[in-house]
Amino acid sequence: MTYRLQQAQIRRQWIFSALFIAQGAWLLYRGSLSPMDGRTVAGMAVGVFLVVGGLFQVRGAFSSVSFDEREIWWTGLLGSRKRFAWADITNVEVGKNSGRANAGDVVRVTHRELGDFKLPAVIGMPNTWRDPDFETKAADIIATWRAATVTSEPVA
């Protein structure tokens with residue numbers, strides 16, 4: 001099974017990417033026309049940061065999460081790829097992306113040695129960008145993990 005971002009979420013990624021890149025390019029262009037002083041250098045540094053951030057937003061639109069009865073794997077925001085056997089996962093849970101009350105929900109997996117990871121394409125963003133199937137997707141992942149890690153108890 002493979003999950004990707006919903007169309008509304010992908011559209012959000014592209015919108016924010018375009019805004020970041022446009023603002024960053026404008027700051028870089030404006031800085032190139034000004035004499036080089038501390039303020040110009042700072043503005044150009046912010047411009048570079050915004051352009052790079054915009055490129056990361058684009059990459060997020062192509063993230064995915066796949067799993068089967070043996071393992072889970074995903075491609076994240078920066079193109080990073082993770083692949084873990086369910087036997088190495090100690091917990092799968094739904095939680096908030098941050099401490100804010102209006103933060104989106106995410107699915108976290110905990111690897112026994114490497115720690116916590118947020119799954120990139122199963123995101124319950126708030127409001128109009130919310131994936132209507134988020135709860136179902138999260139439940140599928142949790143159920144698959146539980147089924148894969150159930151140990152048969154010896155009958156006495």
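## Sheets, confidence and a pocket

In this predicted model, strands β5, β6 and β7 form an open sheet of three strands in the order β5-β6-β7, and the pairing is antiparallel. Its edges are taken by β5 (89–96) and β7 (115–124), each of which pairs on one side only. From one strand to the next, the twist of this sheet averages 25°. Strand β5 and strand β6 (residues 105–111) run antiparallel and are joined by seven bridges. Within this pairing, V92 has V109 in β6 as its bridge partner. Helix α3 (residues 134–149) packs on the sheet and touches β5, β6 and β7. The direction of α3 makes about 165° with that of β5.

A further open sheet consists of four strands in the order β1-β2-β3-β4, again with antiparallel pairing. Strands β1 (2–4) and β4 (81–85) each have a single partner strand, so one side of each is left without a neighbour in the sheet. The twist here averages 10° from one strand to the next. Strand β2 (residues 64–67) pairs with strand β3 (residues 71–75) in the antiparallel sense over four bridges. Residue S66 stands opposite W73 in β3.

| Strand pair | Sense | Bridges |
|---|---|---|
| β5 and β6 | antiparallel | seven bridges |
| β2 and β3 | antiparallel | four bridges |

How confident is the prediction across the protein chain, and what share of the residues score at least 70? The chain averages a pLDDT of 83, and 91% of the residues score at least 70. Confidence is highest in α3, at a mean of 91, and lowest in β1, at 79. Where pLDDT is low, the predicted coordinates should not be read in detail.

Which residues line the second largest pocket? The lining is made up of L27, R30, G31, S34, D37, R39, T40, G43 and M44. Helices α1 (7–33) and α2 (38–60) each supply at least two residues of this lining. The most is given by α2, with four residues. By class, the lining has two nonpolar, four polar and three charged residues.

Methods: Residues numbered from 1 in each chain as written. Predicted model: local features only at pLDDT ≥ 70, side-chain atom pairs only at ≥ 80, totals over all residues. Heavy atoms only, no water. Pairing = 2+ DSSP bridges. Axes fitted to C-alpha atoms, helices over the stretch in contact; angles between N-to-C directions. Contact = heavy atoms within 4.5 Å. pLDDT = per-residue confidence, 0-100. 1 Å grid on protein atoms, 1.4 Å probe; cavity = no way out; pocket = protein on both sides within 12 Å on 5 of 7 lines; lining within 4 Å. Nonpolar A, V, L, I, M, F, W, Y, C, P; charged D, E, K, R; others polar.
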